[in-house]
Amino acid sequence: MTGAQNIEAPINYKNLTVDEALHFIPWGRFQWLLFATCGIGYAAEIIEMMLMSFALPELRKEWDIDNLTVADASMWSNIGVMIGAGVWGIMADWLGRRVVFISSVAITFLFGMLGAFAPTFELFVASRFMVGMGIGGNLAVDFALFMEFVPLHMRQQVMMMLTMWGVGGVAVIAIAAWALIDGAGWRWYIGVLSLPSLVLLVMRLGMPESPSLLYESGRVEEALQSIKSIAHKNGFELPEGFSLMPKEDAKDEFADLQGSAVIMKSLELKVRRSLVPLSPENFFTTIKFAIAWFSLSFAYGGFTLWLPSLLTDKGIVGSDIYTTYLIMVLGEIPSVCLSTYMVYKGVQKRYIFCVYMLGCAGSMGLTALVTDEYGIRVVLAISYFFMVSSWACLYVLTPEAYPATCRGTASGVLRIAGSVANSFKGKVGAKLLSHGMYVPLWTYGAVFLVGMCVAPLLPDSTNKRVVERQAIVEDDKDDVSL
């Protein structure tokens with residue numbers, strides 16, 4: 001990432017596009033802070049989505065309920081994600097990324113902490129629904145906001161690296177469960193795992209609005225100020241006369257309008273832009289992404305939710321379960337590194353996604369067949385090797401496929417597809433488990449294959465970004481020779 005600091009500024013620093021302006025500013029303190037902020041956001045999301053895996057057995061004991069009933073907590077949490085992703089996604093495009101970036105994590109923290117004090121199962125489920133609402137907002141803006149601040153030539157590999165924070169999230173869950181559940185209890189476990197959202201809330205307060213969204217919305221001067229704030233935080237002085245290209249089409253939209261007509265025209269534009277993901281030219285792209293999100297969410301989510309139960313059936317119990325989760329993390333780290341390197345070398349993310357989804361399907365079969373304790377740990381490390389990079393590819397592919405003015409809405413709509421799958425993964429998983437441990441594993445494997453089939457059909461800009469990076473390197477060589 002430090003290579004960006006050696007890139008010479010363009011000779012013409014007036015009338016730049018937002019991407020040209022971001023390329024002009026060296027990578028520095030702001031980008032590192034944003035990387036940490038969005039990364040912790042992703043980790044917090046993983047934590048809130050996976051913590052129920054260890055909490056479900058404790059909830060059954062606390063309120064003396066069966067698997068189908070306790071699965072309501074997971075189901076309503078994902079219904080909350082589904083609603084939140086749609087609402088917050090639209091708000092991210094209408095009101096801006098920053099307001100959603102801050103508000104969603106505040107809701108996640110508040111109701112996550114309240115859930116630790118819930119006196120009844122019904123109130124606990126209600127708190128998880130609201131946590132889901134907050135997570136839905138985070139999903140709609142986290143990766144979209146990050147990519148809108150990163151220069152084009154390094155955007156894809158840095159976004160792939162961002163998913164490494166999710167690996168840390170899994171490790172935190174396992175360590176917290178090992179340290180708290182058996183001793184302090186599940187309430188401390190839930191409460192402590194809500195704290196990353198509080199840290200994230202504080203970090204997000206200083207984030208500026210996305211310059212890409214401001215510019216595409218016709219707010220050119222505000223976009224310029226956002227870019228100037230980045231340069232200031234990096235200690236980089238912009239040259240006098242530094243400016244963005246005027247956006248004349250935005251002015252023409254409001255020509256000769258006054259008073260309430262301006263408000264109505266603005267609302268019309270926002271609605272029109274929000275419908276772009278469902279427009280004729282984007283409809284089938286959205287459908288393909290929806291299938292990918294649904295299949296990965298259902299298979300990965302169901303497998304992860306019931307993994308402790310599956311491990312118990314395999315004879316792995318007590319602290320051995322937590323050890324197994326930490327071993328799984330060891331499989332995720334090289335996975336993210338390898339997929340990031342492949343993207344850097346120009347391998348298209350959709351093909352990486354396709355191969356990794358095939359690996360996910362195969363690992364489900366291996367998990368069903370392996371019976372000894374050490375074998376199952378190796379197979380699970382292999383499983384999550386494929387799963388974590390499948391998520392990485394999908395998270396990066398999705399916002400790239402849509403323009404800035406509808407990127408939040410598109411991310412929210414597609415997350416709804418994933419949330420539909422997640423909302424009944426608990427109930428379906430409980431039913432499948434009642435027929436034995438092999439039935440859910442083969443089912444999840446088949447669903448992974450569905451995602452594999454649609455992966456090669458997704459749009460991908462990897463080759464374009466590699467060409468841009470190579471052009472920048474050649475320009476640098478020319479500047480040095482001069």
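Glu58 is located in helix H3 (residues 52-63) of a predicted model, in which local features require pLDDT of at least 70, side-chain atom pairs count only at pLDDT 80 or more, and totals for chains, interfaces and linings use all residues. Residues are numbered from 1 along each chain as its sequence is written, and side-chain values use heavy atoms, with hydrogens and water left out. Helices here are DSSP runs of H or I with at least four residues, strands are runs of E with at least two, and both are numbered from the N terminus. Glu58 has 17% relative accessibility and therefore counts as buried (under 20% relative accessible area, with exposed over 50% and partly exposed in between; 1.4 Å probe, protein chains only). Leaving aside residues up to four places away in sequence, Glu58 touches Ile181 and Trp186, contact being defined by heavy atoms within 4.5 Å.

The protein has 22 helices and zero strands. Of its 482 residues, 57% count as buried. Among contacts between residues at least 6 apart in sequence, 84% join residues at least 24 apart. Ser217 is partly exposed, at a relative accessible area of 25%.

Helix H4 (residues 67-94) comprises 28 residues and reaches 41 Å from its first C-alpha to its last, close to the expected 40 Å (1.5 Å times one less than the number of residues). A kink of about 25° in H4 is centred on Ala73, the bend being the angle between axes fitted to the seven residues ending at a residue and the seven starting there. H4 is followed by Gly96, which has a positive phi near 115°.

The structure holds 28 aromatic pairs (rings of Phe, Tyr and Trp, the last by its six-membered ring, with centres within 6.5 Å; planes under 30 degrees apart are stacked, over 60 edge-to-face, the rest tilted). Phe289 and Tyr402 form a tilted pair, at 6.4 Å centre to centre and 45° between the planes. Phe289 lies in helix H15 (residues 283-305) and Tyr402 in the loop between helix H19 (373-400) and helix H20 (404-433), so the pair ties together parts 113 residues apart in sequence. Phe289 is buried at 0% relative accessible area, and Tyr402 is buried at 2%. Phe298 and Tyr444 form an edge-to-face pair, at 5.8 Å and 65°. This pair joins H15, which holds Phe298, to helix H21 (residues 438-454), which holds Tyr444; the parts are 146 residues apart in sequence. Both Phe298 and Tyr444 are buried. One aromatic cluster includes Tyr42, Phe143, Trp293 and Phe303.

The largest nonpolar core has 135 residues, of which Tyr189, Phe303, Tyr325 and Phe448 touch the most other members (a core is a set of buried Ala, Val, Leu, Ile, Met, Phe, Trp, Tyr and Cys residues joined through side-chain atoms within 4.5 Å). H19 supplies the largest share of this core, 13 residues. Residues touched by Phe303, not counting those up to four places away in sequence, include Leu310, Met364, Tyr384 and Tyr444. A second, separate core of five residues includes Ile40, Ile102, Val105 and Leu200.
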